[in-house]
Amino acid sequence: MKIFASCAVGACVLVAMPAAANETVSYASYGGAYQEGVRKAILDHLPKDHGMDVKEYTLQSGITDIRTRVKGGANEMDVVELYGGYCKQAADEGLLEKLDYDKIPNAAGIPENLRTDYSIGFTAYSTVLAYNKDVYKDNPPKNWADFFDTKTFPGSRAVSGYSGQSNLELALMADGVARDKLYPLDVDRAFGKLEQLKPDISVFWDSGAQATQLATSQEVDMLSIWAARIEAAIREGAPYAYTLNEGVVDVECLVVPKGSPNREGAMRLINHLLDPAYQANLPDYIPYGPMNQDAFKKGLISPEKAAKIVTSTDNLAKQVFVNAAWWAEHATALQERWDKFKQ
């Protein structure tokens with residue numbers, strides 16, 4: 001409550017006026033340990049720091065969530081995170097609002113190749129090889145070739161069931177293709193390699209939460225999994241470890257779906273999400289990001305933290321970036337083939 005003086009001739013009266021309400025902006029991501037990390041690192045600070053309350057949504061199927069809402073004329077989401085390849089696809093389908101970079105000054109710290117008219121890089125996540133230390137002891141797997149070598153490293157496996165993305169890349173690396181020679185992907189070769197492993201794949205996980213549970217319950221001996229998800233399992237006591245060697249890195253981008261209830265607020269929220277000071281908080285909760293390079297350049301992240309961040313210079317050198325443009329062109333056609341492969 002704020003107090004103002006209202007003065008007429010010869011007299012002043014104190015008038016109580018209600019304080020301005022916080023702005024509300026909605027944000028949607030993939031839930032679990034990742035979204036909780038973003039909340040603690042950034043979103044929880046916004047009501048006090050910027051007078052912004054954030055209403056959160058959890059996506060069920062990424063781009064499909066946006067497509068259904070936009071085409072149905074019932075979009076209630078302002079800012080949405082999507083996996084990198086889906087950002088361009090959503091833009092190509094006409095599902096997104098154009099970003100107003102005049103209102104996103106923190107975009108200056110994002111690598112130029114991750115800034116487009118309709119999306120901007122936010123964090124990066126990595127699909128990594130994780131394994132049960134109790135099973136493999138002093139002879140752990142070190143790369144995807146080991147993951148596919150079920151004779152030397154017997155045991156059950158699990159991989160992402162979403163799509164061929166990351167699965168085709170890791171299969172090709174397992175088959176000897178160099179990281180810098182992956183694209184354009186040799187699809188037939190990749191599926192051939194995956195067919196060899198299929199008898200040992202116990203689970204095609206379809207959510208990050210399920211992948212985490214596979215580790216906490218020790219249901220599989222080895223799995224491909226997002227780094228934040230295996231970190232969460234390890235924190236819960238799962239006897240697992242993982243390697244960033246040959247990790248498959250994809251970029252989480254921020255987009256504004258068409259029909260955003262608060263388009264101007266969406267631009268402000270994106271700017272806050274990209275703030276290097278906030279992004280520097282992310283490694284306290286999840287091993288992803290920050291994408292804003294000013295967080296590193298300004299010394300906001302210690303070397304100890306940088307060692308576990310997938311976007312640090314040393315760790316990026318061990319990994320490969322998903323070619324979002326290639327997947328935007330081929331994702332739809334390959335989805336049917338991937339779905340058949342899983343059957």
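Contact here means heavy atoms within 4.5 Å. Keep that in mind for the stops below. The model on screen is predicted.

**Stop 1: the whole chain**

Start with everything selected. Colour by secondary structure and you will find 16 helices and eleven strands. The radius of gyration is 22 Å, close to the 20 Å that the globule rule gives for 343 residues, so the protein chain is as compact as a globular protein of that length. Turn the view along the principal axes. The C-alpha atoms fill a box of roughly 95 × 40 × 35 Å.

Now show the surface. Buried residues make up 52% of the 343 residues. Of the contacts with a separation of 6 or more, 68% join residues 24 or more positions apart.

Colour by charge next. There are 35 positive and 45 negative charges, and their mean positions are 1 Å apart.

**Stop 2: the largest core**

Hide the surface. Select L82, I230, L269, I270, L273, L274 and Y288. These residues have the most contacts inside the largest nonpolar core, which has 72 residues.

Zoom in on I270. Which residues does I270 touch, not counting those up to four places away in sequence? They are V79, L99, I104, I120, L254 and V256.

Another core, of 34 residues, lies apart from the largest one. Select Y131, M173, V322 and L334, which are among its members.

**Stop 3: helix α11**

Select residues 263-273, helix α11. Eight of its eleven residues are buried, so the helix is largely enclosed by the rest of the structure. The buried ones are G265, A266, M267, L269, I270, N271, H272 and L273. You have already met L269, I270 and L273 among the residues with the most contacts inside the largest core.

**Stop 4: helix α10**

Move to residues 227-235, helix α10. Seven of the nine residues in α10 are buried, so this helix too is largely enclosed by the rest of the structure. Pick out A227, A228, R229, I230, E231, A232 and A233 to see the buried set.

What covers the buried residues of α10? The cover includes α1 (32-41), β6 (120-132), α9 (208-216), β9 (222-226) and β10.

Leaving aside neighbours within four places in sequence, E231 is in contact with Y242, P287 and K308.

Step past the end of the helix. G237 follows α10, and its phi is positive, near 105 degrees.

**Stop 5**

Jump to helix α4, residues 84-92, and select K88. Is K88 buried or partly exposed? K88 counts as partly exposed, at 40% relative accessibility. Draw a distance from K88 to K142, C-alpha to C-alpha. The two are 54 residues apart in sequence and 33 Å apart in space.

Finish at G94, in the loop between α4 and β6. G94 counts as partly exposed, at 32% relative accessibility.

How values were computed. Residues are numbered from 1 along each chain as its sequence is written. This is a predicted model: local features need pLDDT of at least 70, side-chain atom pairs count only at pLDDT 80 or more; totals for chains, interfaces and linings use all residues. Side-chain values use heavy atoms; hydrogens and water are left out. Helices (H or I, at least four residues) and strands (E, at least two) are DSSP runs, numbered from the N terminus. The radius of gyration is taken over C-alpha atoms; the globule rule is 2.2 Å times the number of residues to the power 0.38. Buried means under 20% relative accessible area, exposed over 50%, partly exposed in between (1.4 Å probe, protein chains only). Lys and Arg count as positive and Asp and Glu as negative; His and the chain ends are not counted. The place of a charge is taken as NZ of Lys, CZ of Arg, CG of Asp or CD of Glu. A nonpolar core is a set of buried Ala, Val, Leu, Ile, Met, Phe, Trp, Tyr and Cys residues joined through side-chain atoms within 4.5 Å.
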